[in-house]
Amino acid sequence: MKCRVFLSLLSAALILSISTGCIISHCTTPGDGTAPASAVRPGLEGELKKDVRYLAKTCHPRPAGYEKNQAKAVEYIARSLADTGAKVTCQPFTADKRTFVNVSAVFPGKSAKRVIVGAHYDTCGDTPGADDNASGVAGLLALGRMLKGISPQYTIELIAYANEEPPYFATEHMGSAQHAQKLYTEQIGVKAMICLEMIGYFSDKENSQTYPGPGMGTLYPDKGNFIAIVGNWNSVRLSRDIQNSRRPLRPTVRLNLPQIKGMCMDFSDHRNFWAKDMPAVMITDTSFFRNPNYHQPGDLPETLDYRRMAQVVRGVHHAVLHLAAEEK
C-alpha cells in the first residue's frame, strides 16, 4: 500500500512539474558525438576494471560495521590518490561509537573555492557493490590520475565518502554530510559538486530503462544506454555546463526539478550539498531504474561496461577542467 501511495504521489508531482513548466530537461543522442574508443585515454578501461574488482572482490563486503574491509578500501583509495601528487588526508568522524573515514585529495588552485567530485565506497549490506558504488570510486581514482600535475584556477577536491548506504543514509552520519558541514563551518566556497553514483551499467535492449513516473518513457529513451545528470532547481546552470562542456558526456539525459519530498532526485551524496544551498549534481546510470542487480548479490564486476564507463570518466574529466578554469 505504501509503495502504491508513493508512486501515485510521485506521478502526480511529476505531472504537476511538467504542466507548470517547473522541469528542465534535455536529451542528447549517440549521434550528437558519443566518444569513439580512440578518444579515451589508452589503458583507462583496464584501470577502471582493476579498481572495481579490488573494491568489489578483495574488499567484499564493505558496509558499515565491516571495519577490516573498509580499512582495506580506505588504504587502497588513499594510496591511489597519493600517487597523483595531490594533498591526501583521511578525515575520520564518529557514528554510533565507531570511526569512519572520508578520503580527500586536494589539487590547490589560485582560488580556495572548490570544484568537488565525490563518490561513496561503502555498500548496502554484504552485496559486492560493483556498480553501487565501486564504479563511482574507480571513476574518482581515474580522475585523480588524469588531473596529475594540474594547476587549476579553482581548487579541485576528489573525495571518497563513507556511510552513504543504510543505516546512515539521510542522517548526519553520512560521510558527505560531515564533509558539507565542514566546508560550511570553515566558510570554504563550493563552485560545484559532482556526485558519481553508479556509472558502469548500460544496456541497448529495448525497454531496459524505466522511470519513476508513468509516461516518462514517452519523453525519454527506453534503452539504458545513456548517462543522467540530475540536479535540483538551484543547479540548472551547473547541469547545463557539464552537459555542454568542451568534450561533453554523450549520450545524456539532463533533468532538473524542484526539490519535492519523496522524489528519487536526492538518493545519494549530493543531497547534503543541496541542504547547504551549494550547487551539486549527480551523474548516474540511473541505478535501480536500469540495473536489475541493484543491492543484490549479482552486482558483480563482470556486469559492467568498462568501455562506456571510460567515456563517462572522460566526459567528467573535461567538465571538471572546464569548471576549474578561470572564468572569462
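Mentor: Let's start with a helix pair: H3 and H4 are roughly parallel to each other. Keep in mind as we go that this is a predicted model.

Trainee: Happy to! At what angle do helix H3 and helix H4 pack?

Mentor: Two packed helices are described by the angle between their axes and the distance between the axes. H3 covers residues 67–82 and H4 covers residues 130–146, with 9 Å between their axes. Angles under 35 degrees count as roughly parallel, and H3 and H4 are therefore in that class. The packing angle is about 20°.

Trainee: Is the crossing of H3 and H4 left-handed or right-handed, and how many nonpolar residues does their contact have?

Mentor: The crossing is right-handed. H3 brings Tyr76, Ile77, Ser80 and Leu81 to the contact, and H4 brings Val137, Leu141 and Arg145. Sorted by class, one residue is polar, one is charged and the nonpolar ones number five.

Trainee: Now for the other pair: how is H2 oriented to H8, roughly parallel or roughly perpendicular?

Mentor: The axes of H2 (residues 44–58) and H8 (residues 306–324) come within 9 Å and cross at roughly 105°. An angle of 65 to 115 degrees falls in one class, so H2 is placed relative to H8 as roughly perpendicular.

Trainee: Which residues of H8 make that contact, and how do the residues of the contact divide by class?

Mentor: From H2 come Leu44, Glu45, Leu48, Lys49 and Val52, while H8 supplies Tyr306, Arg307, Met309, Ala310 and Val313. By class, the contact of H2 with H8 divides into seven nonpolar, no polar and three charged.

Trainee: E2 must have a partner, then. Over how many bridges do E2 and E3 pair?

Mentor: E3 spans residues 98–107, and E2 pairs with it in the antiparallel sense. Phe93 stands opposite Phe100 in E3. The bridges between E2 and E3 number nine.

Trainee: Last one: Ala170 and Thr286 both have a positive phi, so which of them is buried?

Mentor: Most residues other than glycine have a negative phi. Ala170 has a phi of about 65° and lies in the loop between E5 and H5; at 46% relative accessibility it counts as partly exposed. The other residue has a phi of about 85° and lies in the loop between E9 and H8. Buried means under 20%, so with a relative accessible area of 13% the buried one is Thr286.

Terms used: Residues numbered from 1 in each chain as written. Predicted model: local features only at pLDDT ≥ 70, side-chain atom pairs only at ≥ 80, totals over all residues. Heavy atoms only, no water. Axes fitted to C-alpha atoms, helices over the stretch in contact; angles between N-to-C directions. Helix = DSSP H or I, 4+ residues; strand = E, 2+ residues; numbered from the N terminus. Parallel < 35°, antiparallel > 145°, perpendicular 65-115°, else oblique. Contact = heavy atoms within 4.5 Å. Nonpolar A, V, L, I, M, F, W, Y, C, P; charged D, E, K, R; others polar. Left-handed = near helix turned anticlockwise from the far one by under 90°. Pairing = 2+ DSSP bridges. Buried < 20%, exposed > 50% of the residue type's maximum accessible area, 1.4 Å probe, protein only.
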